[in-house]
Amino acid sequence: MVWGWHFSPFLVSTSNLPCWLVEEFVVAEECAPCSNFQAKTTPECGSTGYVEKITCSSSKTNEFKSCRSALMEQHLFWKFEGAIVGVALVFACLVIIRQRQLDRKALEKVRKQIESI
């Protein structure tokens, strides 16, 4: 069941699906950035900018499949880590500022109590 729809395997046509979704495949060329020509002509380049060439086992067809490169994943990871460190620093500064305010209020309260004696 997908969003209230039930698909029977007998009703779904596999002719429109890429071969790598319905059969075993072997990676012929590893994940690599798309060339300028591929970016314009191959729809698989659109989502990530990287493709790998695969060969489907039973139909022996060659197709391109969108993929994510390790280098791209590494860059995304470090961007995420940098953002998290930045947010942590902002909140650490806010905690320090708030703690100083509370310390001043407590000191003022103690000072007033001492003056009233």
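**Reading the disulfides**

Author: Let's start with one cysteine: Cys31 is partly exposed, because its relative accessible area is 25% (buried is under 20%, exposed over 50%, partly exposed in between, with a 1.4 Å probe and protein chains only). This is a predicted model, where local features need pLDDT of at least 70, side-chain atom pairs count only at pLDDT 80 or more, and totals for chains, interfaces and linings use all residues. Residues are numbered from 1 along each chain as its sequence is written, and side-chain values use heavy atoms, leaving out hydrogens and water.

Reader: How many disulfides does the structure hold?

Author: A disulfide is a covalent bond between the sulfur atoms of two cysteines. Here there are 3, each taken as a pair of cysteine sulfur atoms within 2.5 Å.

Reader: Which cysteine is joined to Cys31?

Author: Cys67 is, with an S to S distance of 2.0 Å. Cys31 sits in strand 1 and Cys67 in the loop between strand 3 and helix 4, so the bond ties parts 36 residues apart in sequence. Helices (H or I, at least four residues) and strands (E, at least two) are DSSP runs, numbered from the N terminus.

Reader: Is the link of Cys34 and Cys45 right-handed or left-handed?

Author: Left-handed, with -100 degrees about the S-S bond. For Cys19 and Cys56 the torsion is about 70 degrees, so that disulfide is right-handed.

Reader: Are Cys19 and Cys56 buried or exposed?

Author: Cys19 is buried at 6% relative accessible area, and Cys56 is buried at 1%.
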